[in-house]
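Biologist: I'd like to learn how to read a model like this one. Could you walk me through it?

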Amino acid sequence: MEAAKIVNLYDLNETKAAEYLKGFEYPWEALNVIADMIIELGKSLDPEIYDNKGENIWIAKSAKVWPSVSITGPCIIGERTEVRQCAFIRGKALVGDDCVVGNSTELKNVILFNHVQVPHYNYVGDSILGFYSHMGAGSITSNVKSDKALVVVKSLEGEKIETGLKKFGAMLGDHVEIGCNSVLNPGTVIGRNSNVYPTSCVRGVIPADSIYKAQDNIVKKS
């Protein structure tokens, strides 16, 4: 399933997790060890650029973090990133440079590449969001199936990959735009430069350079 491979989704120059991600073929394979990766990365950060704000919490001096934010480690907040009022970072979160984590947004077990925006009432769990990806207001990743079964990644052509994971949100490629109030179901993978219409319910692998209007109405960008 080529469309779902790391090499086809992400520019690894745009994350501190680059060397870590190079060890995997598919991005969801990295979810189980994000915590260990953040702790190791944190130890190597330049203290002239990053402050150690608590147990396994590193925040760039140039970042703006509002006083009402709740952060649990392990966590890294990148340079010039803004974490707004009442954001809830539950741990195991690597947030890149120049990102926006918005008011009442919740993060858990995630990698956000540089320039990611999750600015308004988003939930992002067990997910990896690529360079310049953006989730519209109220859009969320659903990371556990209702029947609690293990997540299977499925392509439009019927290919399947058993992930062995109970918790798996979404893998967004670089420059992906998610419309407001959309739900990305467990095991969603969206290729680079694709757009999802507002209020969509998305599942499976969506090809790069696509416009998702509905599950049976996915068109190629002209």
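Biologist: Is R84 buried or partly exposed?

Modeller: First, the ground rules: this is a predicted model, where local features need pLDDT of at least 70, side-chain atom pairs count only at pLDDT 80 or more, and totals for chains, interfaces and linings use all residues. Residues are numbered from 1 along each chain as its sequence is written, and side-chain values use heavy atoms, leaving out hydrogens and water. Buried means under 20% relative accessible area, exposed over 50%, and partly exposed in between (1.4 Å probe, protein chains only). R84 has 24% relative accessibility, so R84 counts as partly exposed.

Biologist: Which side chain meets R84 in a salt bridge?

Modeller: A salt bridge is a side-chain nitrogen of Lys or Arg within 4 Å of a carboxyl oxygen of Asp or Glu. Here E82 pairs with R84 at 3.4 Å, N to O. E82 is partly exposed too, because its relative accessible area is 22%.

Biologist: What about strands: how do β1 and β2 run?

Modeller: Strands (E, at least two residues) are DSSP runs, numbered from the N terminus, and two strands pair if DSSP finds at least two bridges between them. β1 (residues 50-54) and β2 (residues 57-60) run antiparallel, joined by four bridges. N52 sits opposite W58 in β2.
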